[in-house]
Amino acid sequence: MSIFRFILPTIERSRGWRCFATGIPSDSIAELNKEMESIFGESPSASPLGSNPPQQPVQPTPAARETQPVLTHVDCSGQAKMVDVSPKHDSERVAIASCRVLLGQKAFNLVASNQIAKGDVLTVAKIAGITGAKQTSNLIPLCHNINISHVRVDLTLNEEDSSVVIEGEATTCGKTGVEMEAMAAVTIAGLTVYDMCKAASKDICITDICLQHKSGGKSGNWSKN
């Protein structure tokens, strides 16, 4: 009588079965494995409870490590650091960022007609954005204090969603980029719009702060799709 019938009364006749040796004598297991091989045409796969050593994770090669992105503001011990840019060469660098301030219909109408009690919202926010770009290294601890050649901040009213669209551009010739300066410009300008309009509406949302384009430096040109 086949030992196969006594040990496993039922079995899924597919090629993915496994045999667990727990509680079954080893000689019976050997006989069972031989019979299963004659039926299914292959030896049973190793038991997940067996003694096979676990596979070791594949370690990246040195060349692969060089191509992987790293956080430049973290040292080898995981501590925050300021990047040393002294070995870099000077190059012309430009960055453009944008954001959107959703005003709501009431506040939008007041801004469009220049009837906000605090004054000209768009002009004050424009100046605030330029000032914010120049103060970036004071606001963000690990940013370098760089010489900015030019800052542009434009604010445009959008009737479709009752918003103010803000675009900021920063330019320098130096060893590090001005992405943070451009993003600081639009962020501070957006906060200023909120401050100027908060008496008319508390339901104002500053959204979509992002980098649109950068050029210069080792990484070259980049644009948001």
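Student: Which residues of α7 are buried?

Tutor: Glu-181, Ala-182, Ala-184, Ala-185, Val-186, Ala-189, Gly-190, Thr-192, Val-193, Met-196 and Cys-197. Buried means under 20% relative accessible area, with a 1.4 Å probe and protein chains only. Helices here are DSSP runs of H or I, at least four residues, numbered from the N terminus, and strands are E runs of at least two. Bear in mind that this is a predicted model: local features need pLDDT of at least 70, side-chain atom pairs count only at pLDDT 80 or more, and totals for chains, interfaces and linings use all residues. Residues are numbered from 1 along each chain as its sequence is written, and side-chain values use heavy atoms, leaving out hydrogens and water.

Student: How do I read the packing of α5 and α7?

Tutor: Two packed helices are described by the angle between their axes and the distance between the axes. Here the axes of α5 (residues 121–134) and α7 (residues 179–197) come within 7 Å and cross at roughly 145 degrees. Those axes are lines fitted to C-alpha atoms over the stretch in contact, with angles from 0 to 180 degrees between N-to-C directions.

Student: Which residues of α5 meet α7?

Tutor: Val-121, Val-124, Ala-125, Ala-128, Gly-129, Gly-132 and Ala-133, where contact means heavy atoms within 4.5 Å. Their partners in α7 include Ala-185, Ile-188 and Ala-189. By class, this contact has 12 nonpolar, three polar and one charged residues; Gly counts as polar, and Ala and Val as nonpolar.

Student: What about the whole chain?

Tutor: It has seven helices and five strands, and 32% of its 225 residues count as buried.

Technical notes. Buried means under 20% relative accessible area, exposed over 50%, partly exposed in between (1.4 Å probe, protein chains only).
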